[in-house]
Amino acid sequence: MSNTVDREVDLAAVRTRLGRTGAWLGPLGRLPADRARAVAARVEELGYSTLWVTESQKEAFAHAGTVLAATSRLTVATGIANVWARGPETAVSGANALDEAWGGRFVLGIGIGHAKFVADYTQPFTTMRTYLERMHATRLQAPTPPEPTPWLVAALGPKMLELAARLTQGTHPYFVPVEHTARARGILGPAPILAPEVAVVLDTTASSARATARQYMETYLGLPNYTSNLRRFGFTDDDLAGGGSDRLVDAIVPWGSSETIARRVAEHVEAGADHVCVQPLGGRGDAGIDDLTELAPTLLG
């Protein structure tokens with residue numbers, strides 16, 4: 001599958017831009033700007049290649065701009081900018097403006113979101129396809145970055161993965177086991193970018209580590225997009241009930257020492273991931289920065 005002809009993107013350069021290991025920090029959106037800037041600067045200092053920011057608390061493009069302004073080398077990616085929040089032309093304009101202003105350090109991750117949070121959520125696949133087609137058709141008069149801004153779609157199922165491969169530079173799956181990474185690579189083919197998120201708990205005690213994981217997983221186990229995807233990989237209603245079986249918890253949220261977590265990241269890479277963004281759970285330090293600090297020597301070494 002190839003990118004559309006009007007947007008030739010150097011995928012090798014995108015891989016370099018993202019790097020092998022990044023940080024996914026949802027709680028960053030709950031911090032005031034000065035503390036968020038300090039966290040972003042620390043992520044860069046530690047050597048993580050990319051920082052993923054969300055739209056759950058702050059508008060995605062403004063949030064990304066705050067982080068870009070606080071750093072000089074770090075790639076900043078949205079995980080994700082919700083397609084229901086802005087038109088496709090605005091998404092292209094905003095992404096180009098950030099990428100041009102900050103020297104090619106921005107990656108646009110977009111997603112369809114969930115019916116629970118969107119009043120007019122209808123025909124998600126058709127909506128995403130039309131949205132991407134309109135993005136490709138957008139023509140702007142404003143300055144653009146020297147190279148096209150990479151676009152990644154938050155895709156889980158086969159149809160959305162195929163769409164991501166056809167109309168964007170790849171995909172940013174969330175809340176997935178290693179088996180999904182392997183299957184996604186098979187669907188995407190060798191060229192598109194595959195950048196899964198992996199939530200982790202830096203805790204070697206099974207009971208407390210799994211309790212932290214289950215607290216995080218509660219929201220996602222109530223969302224059909226995620227539970228339907230997990231069923232594709234053999235997880236049953238029993239696995240999904242009660243906060244998740246131990247088998248499910250351990251598949252979605254690796255826990256333990258830095259070395260144990262690094263092995264799971266390596267498993268995703270071996271399964272076909274180009275980039276893995278690690279989301280520390282447990283809240284040590286602002287947005288989990290203390291955990292990222294402890295993990296850095298092993299993850300990035």
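## A buried aspartate

Asp239 is buried, its relative accessible area being 8%. In this predicted model, Asp239 belongs to helix α10, which covers residues 237-240.

When neighbours within four places in sequence are set aside, the residues in contact with Asp239 are Gly234, Gly244, Ser245, Arg247 and Leu248.

## An exposed arginine

Arg73 is located in the loop that links α3 (60-69) to β3 (75-78). Arg73 has a relative accessible area of 58% and is therefore exposed, since the cut-off for that term is over 50%.

## The pairing of α7 and α12

Two packed helices are described by the angle between their axes and the distance between the axes. For helix α7 (residues 178-188) and helix α12 (residues 258-271), the axes come within 8 Å and cross at roughly 20°. Because angles under 35 degrees count as roughly parallel, α7 is roughly parallel to α12. The crossing of α7 past α12 is right-handed.

Which residues of α7 and α12 meet? On the α7 side they are Val178, Thr181, Ala182 and Arg185, and on the α12 side Arg264, Glu267, His268 and Ala271.

How values were computed. Residues numbered from 1 in each chain as written. Predicted model: local features only at pLDDT ≥ 70, side-chain atom pairs only at ≥ 80, totals over all residues. Heavy atoms only, no water. Axes fitted to C-alpha atoms, helices over the stretch in contact; angles between N-to-C directions. Helix = DSSP H or I, 4+ residues; strand = E, 2+ residues; numbered from the N terminus. Parallel < 35°, antiparallel > 145°, perpendicular 65-115°, else oblique. Left-handed = near helix turned anticlockwise from the far one by under 90°. Contact = heavy atoms within 4.5 Å. Buried < 20%, exposed > 50% of the residue type's maximum accessible area, 1.4 Å probe, protein only.
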